[in-house]
Amino acid sequence: MKIRKYLIIFLCVMLLILGNPIMATGTPTKDGTTSDGQPPKVRASAACLMEVATGRIYFAKQGDKRREPASLTKIMTAILAIEKGNLKDVVTVGKKAAAVSMGQDIGLSPGDRLYLEDLLKAALMYSANDSTVAIGEHIAGSHDAFIKMMNDKAKVLGMKDTRYANTNGYHNPNHYTTAIDLAKLTCYALKNPVFASFVRTREATITWLPKEKTGNPQEVQTETPRQRVIHNTNALLESNFEGINGVKTGTTPRAGKCLIASATREGRQLVAVVLNSPNRWDDATNLLEYGFREFRPQVLSEKDEVMGEIPVVEGVEQKVTLVAAKKVEAYVARIDSDKVERKINLAPPPKAPIKQGIKLGKATFVLHGQEIATVDLVANRNIKRLPWFKRIFKK
């Protein structure tokens, strides 16, 4: 009887343990992961999490696989227009821009006149396809010339797996990019204060300026300008996710639902790219939460920390000690804190005299094959040259 009683108690305890995910796998976090430090499960076909300041990749899933970017294309269109144009430029809409009817638009007509600033807001916030064509023609003189500018800029930014065929993201077999390339582009664009301001704006008013007079005496000029209020398609701006501040949505039947989201906490800004996701909002916020939670600052070298030594030619001392020129920190995932490797690269043996503080090498810190930080290695003291007679004797 007692044995049966003890057996029942034992089975109940085991059922409690096995049926309780907290006891079995650790404490669940906001993003659905546990505190074991592993990244969240991303349902998107491709994704990337990147640190804006350094361009470091925190996470990638099919990061180098070419995919259609949909309206994420407009990030390149916008940053080029901001850099090459003037926000108060008056753009006159041509027939090509007015003919755009696929997807989202703001209803541009031939001869419409708007400030470049308003067209940019329409493109970045409302994802208007017609506005990007008007922008491209204004900046480069023609749509094709602007496409060339887009591809040239992609090369400059190191977007090696990107090619543009239009300004807005319509399907084209020659229009593709990758999650990593999009992260690179967005990190670059967010460093521009105008771009950063637009993509975090929730609502804006677009104004059509009066059309130019044609000289026809029968022409009637409208005194009240036409206006339209637009709302940002990025629903995360309306969420309570801590630090959210942009960036862009994109959707087409072929590309699926895409999103680039950025957030800043404690002075660190991260960008999450998710392509073709069944739930882009969760994928993006889970990645951002993972990056802020799991990646913490780690000291890789202290200032004046000894890193090695190097022979000195014709010096009163045969060697000089090399030390780190400064303190170096980098954000490292907690589970990788003991996996950072240090590689030392030294200059050829220097000839005396040696001046304290002169650079004689470099230390590179590598994690999983990715360079995460570097520091110059400098001489820790002065070393004089041997007198001429001692140099002769030594030779």
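Me: What should I know before I start?
Reply: The model is predicted, so to speak, with cut-offs: local features need pLDDT of at least 70, side-chain atom pairs count only at pLDDT 80 or more, and totals for chains, interfaces and linings use all residues. Residues are numbered from 1 along each chain as its sequence is written, and side-chain values use heavy atoms, with hydrogens and water left out.

Me: What is a salt bridge, and how many does the structure hold?
Reply: Side chains of opposite charge can pair when their charged atoms come close. Here the term means a side-chain nitrogen of Lys or Arg within 4 Å of a carboxyl oxygen of Asp or Glu. The structure holds 21 of them.

Me: Which parts does the pair K211 and D112 tie together?
Reply: The closest N and O atoms of K211 and D112 are 3.7 Å apart. K211 sits in the loop between strand 5 (203–209) and strand 6 (226–231), and D112 in the loop between helix 4 (95–98) and strand 4 (113–115), so the bridge links parts 99 residues apart in sequence. Helices (H or I, at least four residues) and strands (E, at least two) are DSSP runs, numbered from the N terminus.

Me: Is D112 buried or exposed?
Reply: Buried, at 5% relative accessibility, while K211 is partly exposed at 43%. Buried means under 20% relative accessible area, exposed over 50%, partly exposed in between (1.4 Å probe, protein chains only).

Me: What about K303 and D304?
Reply: Their side chains meet at 3.7 Å, N to O; K303 is exposed at 52% and D304 partly exposed at 48%.
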